[in-house]
Amino acid sequence: MSLRHSFFTAALSVTVFIAPSALAQSSTLAATPPMGWNSWNRFAEKVSDADVRAAADALVSSGMRDAGYIYINIDDTWEGKRDANGVIQTNSKFPDMKALADYVHSKGLKLGIYSSPGPQTCANYEGSYGHEEQDAKSYAAWGIDYLKYDLCSFRKIMDEQSQGDPQKAFAIEKAAYEKMHKALLATGRPIVYSLCQYGWNNVWEWGPEVGGNLWRTTDDINDHYARMVDIGFSQAGLAKYAGPGHWNDPDMLEVGNGGMTNDEYRQHMTLWVILAAPLLAGNDLSKMTPETLALLTNKEVIAVDQDALGKQGDRVSAVGPMEIWAKPLSGGANRADTPRSITLHLREVGFSENAKLRDLWQGKDVSASNGAYTVLVPAHGAALLKVSR
């Protein structure tokens, strides 16, 4: 961990978001950051057809679907062996993927799946290496709507074929991701394409070239405050690479998994919506507390993430522990171990003293005094304010 990251782990941070005037480009696939649920955090290698159906039911009954969470994404370990013609089969945990997709679709949801450009996935199941076109056709025939494509064992192939030349290895990696993209396009079915290679080779710079709708910018998140903060605040500088149809992905939400306090989860959610990040829950949907559900389904907060402009928040200045970021909305985050008062000076961020303020977590309008608004933010907590003229 760098010195800067160590310093900011226990520092106070102010985050301000300013409404831009530019219009965003339009896109029909992943026009806003994808929202949904991924199986890995809850079930890992034990995920089954029944688990996915139950998750679909829970998204509907909890109100999460109506809040925007529409993707049910099956992560690793669904894969079986290939038949004599090389066609991928599901294993015994998933007896009929087409029937499962039909069930998910009947709930007004979409189904995602997982694979790797290598011969094996991260959990050593069957990958797509040498079978990209076949796998894409299978996904389309089943009714799949989203593919997470995880580098995993392909790294060994990159090393072998490049003979240690980093540039050759990079070219091989890009070609592998583009190959699957072309295979998906050839099916004629719109399938969101998620690149998972942990931010190597500055993937945000070339992700759109290989058809990515989103790409992981970091290694894996975990359910610890320090790791979440390290990932979230390290996204500074990446805003220009995000927009409708192509998003920076700092990994799944850990909200509700038990490793952080409610205030820390609020900061987690606040950071992710500020970053226009995909919102992929990974908690146990059958055991959500009212507090977890409230964090995940606050419609005014979600609207920050799903804003049609498609602008990602970014840092515009940092003086010691104080940071200012820019996005269509405004908010503050306290990374200190004690509550801190944070003051937003409206003129410093391009607004007049008469600007309107709304606290999105509290769901109420608030007022500035002499052009400034001060809020007490809990330790490791966050405030999220919508500022408008």
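Mentor: A disulfide is taken here as a pair of cysteine sulfur atoms within 2.5 Å, and the model to which we apply this is a predicted one.

Trainee: How many disulfides does the structure hold, and which residues does a disulfide join?

Mentor: The structure holds one disulfide. Its sulfur atoms stand 1.8 Å apart, S to S, and the residues joined are Cys122 and Cys152.

Trainee: Is that disulfide left-handed or right-handed?

Mentor: Cys122 lies in the loop between strand 6 and helix 6 (132-142), while Cys152 lies in the loop between strand 7 (146-150) and helix 7, so the pair ties together parts that are 30 residues apart in sequence. The handedness follows from the torsion about the S-S bond, which is about -75°, so the disulfide of Cys122 and Cys152 is left-handed.

Trainee: In what order do the strands of the open sheet run, and which are the edge strands?

Mentor: The open sheet is formed by eight strands with parallel pairing, in the order 10-9-8-7-6-3-2-11. The twist from one strand to the next averages 25°. Each edge strand pairs on one side only, and these are strand 10 (247-249) and strand 11 (279-281).

Trainee: Within that sheet, which residue of strand 3 does Gly36 stand opposite?

Mentor: Strand 2 (residues 35-38) and strand 3 (residues 71-73) pair in the parallel sense, over three bridges. In strand 3, the residue opposite Gly36 is Tyr71.

Trainee: Which strands does helix 3 touch, and what angle does its direction make with that of strand 3?

Mentor: Helix 3 packs on the sheet, where it touches strand 2, strand 3 and strand 6 (110-115). The direction of helix 3 makes with that of strand 3 an angle of about 155°.

Trainee: Are helix 3 and helix 5 roughly parallel or roughly antiparallel to each other?

Mentor: Helix 3 (residues 49-62) and helix 5 (residues 97-106) have axes 10 Å apart and pack at an angle of about 10°. On the helix 3 side the contact is made by Asp49, Val52, Arg53, Ala56 and Asp57, and on the helix 5 side by Ala99, Leu100, Tyr103 and Val104. By class this contact has six nonpolar, no polar and three charged residues. Since angles under 35 degrees count as such, the two helices are therefore roughly parallel.

Trainee: What is the handedness of the crossing of helix 7 and helix 8?

Mentor: Helix 7 (residues 154-162) and helix 8 (residues 166-187) pack at about 135°, with axes 8 Å apart, and that angle makes helix 7 oblique to helix 8. Phe154, Met158, Gln161 and Ser162 of helix 7 meet Lys168, Ala169, Ile172, Glu173 and Ala176 of helix 8, and these residues divide into five nonpolar, two polar and two charged. The crossing of helix 7 and helix 8 is right-handed.

Notes. Residues are numbered from 1 along each chain as its sequence is written. This is a predicted model: local features need pLDDT of at least 70, side-chain atom pairs count only at pLDDT 80 or more; totals for chains, interfaces and linings use all residues. Side-chain values use heavy atoms; hydrogens and water are left out. Axes are lines fitted to C-alpha atoms, for helices over the stretch in contact, and angles run from 0 to 180 degrees between N-to-C directions. Helices (H or I, at least four residues) and strands (E, at least two) are DSSP runs, numbered from the N terminus. Angles under 35 degrees count as roughly parallel, over 145 as roughly antiparallel, 65 to 115 as roughly perpendicular and the rest as oblique. Contact means heavy atoms within 4.5 Å. Ala, Val, Leu, Ile, Met, Phe, Trp, Tyr, Cys and Pro count as nonpolar, Asp, Glu, Lys and Arg as charged, and the others, Gly among them, as polar. A crossing is left-handed if the near helix is turned anticlockwise from the far one by less than a right angle, and right-handed if clockwise. Two strands pair if DSSP finds at least two bridges between them.
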